[in-house]
Amino acid sequence: GVHARISGEIGWHPSGHDEGFFLALDLTTSLAGPFWLFQTGLRLGGDIEVYSNDDVALLLVPAGLIGFGVVDWDFDGHREHGYFVLEPSFGVALALAHRLIHVFVRPIIFDFLFFPDYRNNGFHFDPAYSALGGIHFTFG
């Protein structure tokens, strides 16, 4: 179903520029009807510059996240579960104001959640799709 997702990232480009390989710590919370979710993980990706001039740049941003989280399906504290998450994603960013601000849209995000299945001594798999947009600020 539809839910609200708030996500924050703090990241680093080893190159010292806003393009190329990056590492980021991601914190995400989702809320909807009867459930809430909180997850964290390490996002690995690359900012691929496809156009730039002195003021703006257009970047393609493929990335992947590996992490873990907790979800409660009914808010009463009796159906919470820890999980492991893999999250491939793809986005586009427009760098503005001499590349200090990146306005981005991440229209392709797949969450692959793996929950322990205590009854069968295995894992339960739950795929999900989401999209989000936002603003990144660059310092450096």
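A: Start with strands: a strand is a DSSP run of E with at least two residues, numbered from the N terminus. In this predicted model, alanine 4 belongs to strand β1, which covers residues 4-12.

Q: Is alanine 4 buried, exposed or partly exposed?
A: Buried means under 20% relative accessible area and exposed means over 50%, with partly exposed in between. Alanine 4 has 49% relative accessibility, so alanine 4 is partly exposed.

Q: Which residues does alanine 4 contact, beyond its neighbours within four places in sequence?
A: The contacts are with Thr29, Ser30 and Leu31. The C-alpha atom of alanine 4 is also 9.6 Å from that of tryptophan 36, a residue 32 places away along the chain.

Q: How does serine 89 in strand β5 read?
A: Strand β5 spans residues 80-96. Serine 89 is at 7% relative accessibility and therefore buried. With residues up to four places away in sequence left out, serine 89 touches Arg43, Val61, Pro62, Ala63, Arg106, Ile108 and Ile109. With arginine 43 there is a polar contact between the two side chains, at 3.5 Å.

Q: Which residues make the nonpolar surface patch?
A: Patch residues must have over 30% relative accessible area and no salt bridge. Here Ile48, Val50, Tyr51, Leu58, Leu94, Val103, Ile135, Phe137 and Phe139 form a patch of about 910 Å². Strands β3 (35-52) and β7 (122-137) supply at least two residues each, and β3 gives the most, with three.

Q: Where does phenylalanine 139 sit?
A: Phenylalanine 139 is in the segment after β7. Its relative accessible area is 78%, so phenylalanine 139 is exposed.

Key:
Residues are numbered from 1 along each chain as its sequence is written. This is a predicted model: local features need pLDDT of at least 70, side-chain atom pairs count only at pLDDT 80 or more; totals for chains, interfaces and linings use all residues. Side-chain values use heavy atoms; hydrogens and water are left out. Patches are made of residues with over 30% relative accessible area and no salt bridge: like charges are joined within 9 Å, nonpolar side chains (Val, Leu, Ile, Met, Phe, Trp, Tyr) within 5 Å. Accessible areas come from the Shrake-Rupley method with a 1.4 Å probe; for residues, only the protein chains shown count as cover. A salt bridge is a side-chain nitrogen of Lys or Arg within 4 Å of a carboxyl oxygen of Asp or Glu. Helices (H or I, at least four residues) and strands (E, at least two) are DSSP runs, numbered from the N terminus. Buried means under 20% relative accessible area, exposed over 50%, partly exposed in between (1.4 Å probe, protein chains only). Contact means heavy atoms within 4.5 Å. A polar contact is a pair of N or O atoms within 3.5 Å; within protein, one must be able to donate a hydrogen and the other to accept it, and residues adjacent in sequence count only if both atoms are side-chain atoms.
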